[in-house]
Amino acid sequence: MIIGIINMQRVSFMRPVFKEEEFKRMVMSVSLMIGDHEILYEPLEALDSASRLIPGLQAELIPSANHMLNSDQAELINARILQFLKDD
């Protein structure tokens with residue numbers, strides 16, 4: 001398994017679900033949180049791309065978190081989600 005995780009950074013198996021034009025037309029509030037130790041994709045590039053494509057996006061890089069940021073930083077993520085829902 002460790003070999004698979006190490007090699008995942010070299011292989012892109014992520015496929016876009018939405019086209020760029022669809023992201024640009026989003027009218028609902030969107031919150032995106034990505035862990036700074038994400039291994040499936042480059043976190044800063046993902047945040048930058050999403051910020052350019054999604055109008056009004058609330059984007060945040062979560063410290064000391066990987067792909068499972070809701071368990072790595074549960075209190076922080078819960079607080080961000082509750083605040084996002086309250087503000088919306």
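Which residues are exposed on the other side of α3?

Tutor: Please bear in mind that the model is predicted. The exposed residues on that other side of α3 are Leu-44, Glu-45 and Arg-52.

To place this helix, let us begin with the whole chain. The protein chain contains 5 helices and 2 strands, and from the N terminus on its elements follow the order α-α-β-α-β-α-α. Of its 88 residues, 19% count as buried.

Helix α3 spans residues 43-53, and its buried residues are Pro-43, Leu-47, Ala-50 and Leu-53. These four lie on the same side of α3 because they cover an arc of only 140 degrees around the axis. The cover over the buried residues of α3 includes α2 (20-24), β1 (31-35) and β2 (58-62).

Apart from neighbours within four places in sequence, Ala-50 is in contact with Leu-32 and Leu-57. Ala-50 also belongs to the largest nonpolar core, which has 6 residues: Met-26, Val-30, Ala-50, Leu-53, Ile-54 and Leu-57. Apart from this core lies another, of 5 residues, including Ile-62, Ala-65, Leu-69 and Ile-77. As a general matter, nonpolar side chains in soluble globular proteins tend to be buried together.

Ile-54, a member of the largest core, is located in the loop between α3 and β2. Why does Ile-54 count as buried? Ile-54 counts as buried because its relative accessible area is 8%, and the cut-off for a buried residue is under 20%. If neighbours within four places in sequence are left aside, Ile-54 is in contact with Phe-23, Met-26 and Val-30. The C-alpha atom of Ile-54 is separated by 5.2 Å from that of Lys-24, although the two residues are 30 residues apart along the chain.

Among contacts between residues at least 6 apart in sequence, 65% join residues at least 24 apart. As for its surface, the protein chain exposes about 6,700 Å², of which carbon and sulfur atoms supply 57%.

Terms used. Residues numbered from 1 in each chain as written. Predicted model: local features only at pLDDT ≥ 70, side-chain atom pairs only at ≥ 80, totals over all residues. Heavy atoms only, no water. Buried < 20%, exposed > 50% of the residue type's maximum accessible area, 1.4 Å probe, protein only. Arc of directions from axis to C-beta. Contact = heavy atoms within 4.5 Å. Core = buried A, V, L, I, M, F, W, Y, C linked by side-chain atoms within 4.5 Å. Areas by Shrake-Rupley, 256 points an atom, 1.4 Å probe, with all protein chains shown as cover.
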